[in-house]
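The sequence and structure come first.

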Amino acid sequence: MGFPLHRPRRLRQSDVWRRMVRETRLTTDAFIYPLFIVPGKQVRHAVESMPGVFQLSVDEIAKEAKRVADLGIPAVLLFAAPDHKDAKGSAATDPNGLVPQAIAAIKAVAPQLLVWTDVCLCGATDHGHCGHVTKDGVIENDSSIETLAQVSLTYARAGADAVAPSDMMDGRVLAIRQLLDRNGFSNTPVISYAAKYASSFYGPFREAAESAPAFGDRRSYQMDPANGREALREVLLDLEEGADMVMVKPAGPYLDVIRQVRDAVHVPVVAYQVSGEYSLIKAAAARGWIDERAAAFETLTGIRRAGADLIITYFAPDMAEWLRN
Ligand code: PBG
């Protein structure tokens, strides 16, 4: 029997009622903030397509990390845009490269802040792809995962608290896990971008990370947006290979995938609210078409409700401040 016996509005009639019966809450503990490292000193270069996001030199990264740690955010995710780019992405395995320098600088000012490092080749290769490319333009899997493991080892040696491969090559989690273990880093978690889709929502990020592919696209390694079952296959394979957490990316257009993954696994599920999801809200808010804070809360709450335990988001510092007040 329904109305008039049942009136769901009874439990919505005031803020205190709504607070009591709220099913999903956001906490700063669940946020990871991405940072973009560039060469130089005192560089604070605005990423035009992502208002509020900057490319930062190592000294500026340290300041930003301190601010973020003081806000109570538990972790940052590092991306680098080195000057030197070549076919093999050798800047990514340089022990004195931007990421190792940034890790040292962050640890000096905010030792308790967890430093996650994105592991990929696209920011360091001249062709902008996430793996090695043959002369026929094919993205080669098995040689790429060896390099990706070397990148991971470089970051672990530099003091990274976790490595997060975002390349979508097959078998890279196992290659990384084995190389880390053989070199004394059995305690360094691998957080895999397990279900990463070939998405139009990465556009603004590619300006920040200077990592757009020079030819072709990423559809031979990133997933087809139409596929849900395949996401579970990717996730289960990465767990067999030793992943400690699995990620779904982007987040907003893939809430069903987040839910399916949450129900299928026993590790923390991370969702990445990507650059395009952020920029859409920023752009509409700048025109007065949407309430930025309300839209940030709503999208992030939706991602949590879908089952994400942790969320990588460019809104992290603002959210931390909004959640305080
Ligand atoms: C690199 C990488 C990308 C993102 C994270 N790691 C871009 C891509 O795959 O082209 C996207 C993040 C974002 O859009 O915020 N492989």
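## Second largest cavity

Eight names make up this lining: Tyr33, Pro34, Leu35, Phe36, Val53, Phe54, Leu56 and Glu64 line the second largest cavity. Strand E1 (31–37) and strand E3 (54–56) are the elements that give two or more residues to this lining. E1 gives the most, with four residues. The model is a predicted one.

The space in the second largest cavity comes to about 40 Å³. By class, its lining divides into seven nonpolar residues, no polar residue and one charged residue.

## Largest cavity

How many cavities of 30 Å³ or more does the structure hold? There are two. The largest cavity has a volume of about 370 Å³. Its lining consists of 32 residues, and those closest to the cavity centre are Phe79, Ala80, Asp118, Cys120 and Gly123.

## Ligand site

Where does the ligand sit? The ligand is placed in the largest cavity. The shell around the ligand holds 18 residues, of which Lys196, Arg206, Lys249, Ser275 and Tyr314 are the closest. The residues of this shell divide into 10 nonpolar, three polar and five charged.

For Tyr314, a side-chain N or O atom is 2.6 Å from an oxygen atom of the ligand. For Lys196, the distance from a side-chain N or O atom to an oxygen atom of the ligand is 2.7 Å. With Lys249, the ligand atom is a nitrogen, and it is 3.3 Å from an N or O atom of the side chain. On its own the ligand has 400 Å² of accessible area, and the protein covers 100% of that area.

## Largest pocket

The largest pocket contains about 170 Å³ of space. Its lining is made up of Arg22, Thr24, Arg25, Leu26, Phe297, Thr301 and Leu323. By class, three of the lining residues are nonpolar, two are polar and two are charged.

## Backbone features

Most peptide bonds are trans, and most residues other than glycine have a negative phi. The residues below depart from one or the other of these patterns.

The peptide bond from Phe3 to Pro4 is cis, and its omega is near 10°. Pro4 belongs to the segment before helix H1 (15–20). Another cis peptide bond joins Lys249 and Pro250, with omega about -10°. Pro250 is located in the loop between strand E10 (245–249) and helix H8 (255–264).

The loop between E1 and strand E2 (44–46) contains Gln42. E1 is also the strand that gives four residues to the lining of the second largest cavity.

Terms used
Residues numbered from 1 in each chain as written. Predicted model: local features only at pLDDT ≥ 70, side-chain atom pairs only at ≥ 80, totals over all residues. Heavy atoms only, no water. 1 Å grid on protein atoms, 1.4 Å probe; cavity = no way out; pocket = protein on both sides within 12 Å on 5 of 7 lines; lining within 4 Å. Points joined across faces, edges and corners; volume = space filled by probe spheres on them. Nonpolar A, V, L, I, M, F, W, Y, C, P; charged D, E, K, R; others polar. Near = heavy atom within 4 Å. Polar contact = N/O pair within 3.5 Å; in protein donor to acceptor, adjacent residues only side chain to side chain. Areas by Shrake-Rupley, 256 points an atom, 1.4 Å probe, with all protein chains shown as cover. Sits in = over half its atoms within 2 Å of the grid points.
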